[in-house]
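Please find below a colleague's note, arranged as numbered points. It is intended to be read beside the displayed model.

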Amino acid sequence: MSDYNIFPDHATRKTIIDDICKNYSFVRHSYAGKSVCGRCIDVLHIGNTKNRVLYCGGFHGSEYLTILALLKFFEECCEAVKNHTSVYKYKIGDFLSIRGLTIVPCVNPDGVEIALNGSSAAMKYKPLVDKVCTNTYKWQANARGVDINHNFNAGWCALKQRELSRNIKCPAPTRYGGTRPESEPETKALTALCKNINFERALALHSQGREIYCSFGRNTPVLSFRLASQFSQASGYNIAFPEEIATGGGFKDWFIEKFRRPALTIEMGLGENPLPLSDFESEYKILQSILCLGVVV
Ligand SMILES: [Zn+2]
């Protein structure tokens with residue numbers, strides 16, 4: 001197993017992903033697209049290719065524990081498939097042959113790099129980052145100050161009104177949704193992937209709160225609530241309904257509205273972002289049940 005007690009910056013992710021691909025020949029590695037600064041957005045797949053679930057993380061710069069969680073879970077699945085062993089309490093290989101797992105561990109590679117390494121990681125957008133942010137370790141948006149999870153085309157106009165009413169009018173470290181939906185290449189990369197591949201359901205990992213969000217408007221399928229309930233029972237996470245500013249513009253919202261299939265936001269960990277690396281192992285243990293059930297049930 002790779003070492004997951006490590007900050008998952010771009011170079012570290014590459015090492016982990018290269019090792020996974022080298023050790024498990026059945027893994028498929030591709031790219032969803034590129035970030036504003038040209039960093040690749042990795043896609044990893046294991047199991048059935050016709051019937052798949054999608055797990056995504058790293059939407060927000062300082063929420064990089066979600067990246068570690070997805071990569072670790074994926075590697076555990078690989079190991080279990082290779083050796084016919086279990087993850088959590090499931091022979092996960094049996095389930096993956098029925099329902100494959102695709103992960104996008106880091107949707108927002110520039111934002112993560114800024115949170116970990118400071119504004120110079122934003123390359124030509126460094127002046128913009130410096131202008132709007134003094135504490136880059138809390139950075140959430142992409143390199144040009146657009147919050148990817150406010151940039152999806154679902155309830156975007158209503159969200160924009162709420163941003164304006166809170167005086168969020170221009171690029172910012174968090175919660176600025178851009179000038180139009182899908183204005184950002186990271187957002188487009190993920191929507192293109194979803195339009196291309198018929199994912200049965202999607203999980204979006206964020207931090208923090210140990211909470212599950214499962215609904216968006218009237219089109220929310222009943223199964224989304226049912227999954228949330230099962231995830232909650234297994235993990236102790238609470239099912240929550242978002243405060244006003246957190247409604248709309250998000251990936252989960254778009255996935256539900258576009259496909260009318262289940263999508264859930266999973267908020268891992270407790271505390272203030274960025275959560276410390278020392279929280280990872282204990283929080284992963286709690287989250288692992290949810291990640292398993294997303295494939296199994
Ligand atoms: Zn987030």
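The points below treat the basis of the model, the sheet, the metal site, the aromatic residues and one further residue.

1. Basis of the note. This is a predicted model, in which local features need pLDDT of at least 70 and side-chain atom pairs count only at pLDDT 80 or more, while totals for chains, interfaces and linings use all residues. Residues are numbered from 1 along each chain as its sequence is written, and side-chain values use heavy atoms, with hydrogens and water left out.

2. The sheet as a whole. An open sheet is formed by 8 strands, in the order β1-β2-β4-β3-β5-β8-β6-β7, and its pairing is mixed. Its edge strands, each pairing on one side only, are β1 (28-34) and β7 (238-239). Strands are DSSP runs of E with at least two residues, helices are runs of H or I with at least four, and both are numbered from the N terminus. Two strands pair if DSSP finds at least two bridges between them.

3. Strand β4. In strand β4 (residues 100-104), 5 of the 5 residues are buried, so the strand is largely enclosed by the rest of the structure. Here buried means under 20% relative accessible area, exposed means over 50%, and partly exposed lies in between (1.4 Å probe, protein chains only). Gly100, Thr102 and Val104 are buried on one side of β4, and Leu101 and Ile103 on the other. Strand β2 (residues 40-46) runs antiparallel to β4 and is joined to it by 3 bridges, with Ile46 opposite Leu101. The pairing of β3 with β4 is parallel, over 5 bridges, and Val53 also stands opposite Leu101.

4. From β3 to β5. These two strands run parallel and are joined by 5 bridges. Val53 has Arg201 in β5 as its bridge partner.

5. Strand β8. Is strand β8 (residues 263-268) mostly covered or mostly open? The strand is mostly covered, with 6 of its 6 residues buried. On one side are Ala263, Thr265 and Glu267, on the other Leu264, Ile266 and Met268, and all are buried. β8 pairs with β5 in the parallel sense over 6 bridges, and Ser207 stands opposite Met268. With strand β6 (residues 211-213), β8 pairs in the antiparallel sense over 3 bridges; there, Glu211 stands opposite Glu267.

6. The zinc site. Which residues coordinate the zinc ion? The donors are His60 (ND1), Glu63 (OE), Glu63 (OE) and His206 (ND1), at 2.0 to 2.5 Å. Donors are N, O and S atoms within 2.8 Å of the metal (3.2 Å for Na, K and Ca); water is not among the atoms, so sites may look incomplete. Along the chain the donors follow the spacing H-x2-E-x142-H. Glu63 lies in the loop between β3 (52-56) and α2 (65-83) and His206 in strand β5 (residues 199-207), so the pair ties together parts that are 143 residues apart in sequence.

7. Glu63 counts as buried at 5% relative accessibility, and His206 is buried with a relative accessible area of 3%. His60, in the loop between β3 and α2, is buried as well, with a relative accessible area of 9%. Residues up to four places away in sequence aside, His60 touches Asn108, Val112, Gln140, Asp147, Asn149 and His206; touching, or contact, means heavy atoms within 4.5 Å.

8. Aromatic residues. There are 13 aromatic pairs. Among them, Phe255 and Phe259 form a tilted pair, 5.0 Å centre to centre with 55° between the planes. Rings of Phe, Tyr and Trp (its six-membered ring) pair if their centres lie within 6.5 Å; planes under 30 degrees apart count as stacked, over 60 as edge-to-face and the rest as tilted. Phe255 and Phe259 are 4 residues apart in helix α9 (residues 251-259), which means that about one helical turn separates them. Both Phe255 and Phe259 are buried. One aromatic cluster is formed by Phe59, Phe152, Phe251, Trp254, Phe255 and Phe259.

9. Phe225. This residue is found in helix α8 (residues 222-235). Phe225 is partly exposed, with a relative accessible area of 38%. Apart from neighbours within four places in sequence, Phe225 is in contact with Cys214, Ser215, Thr220 and Phe241.
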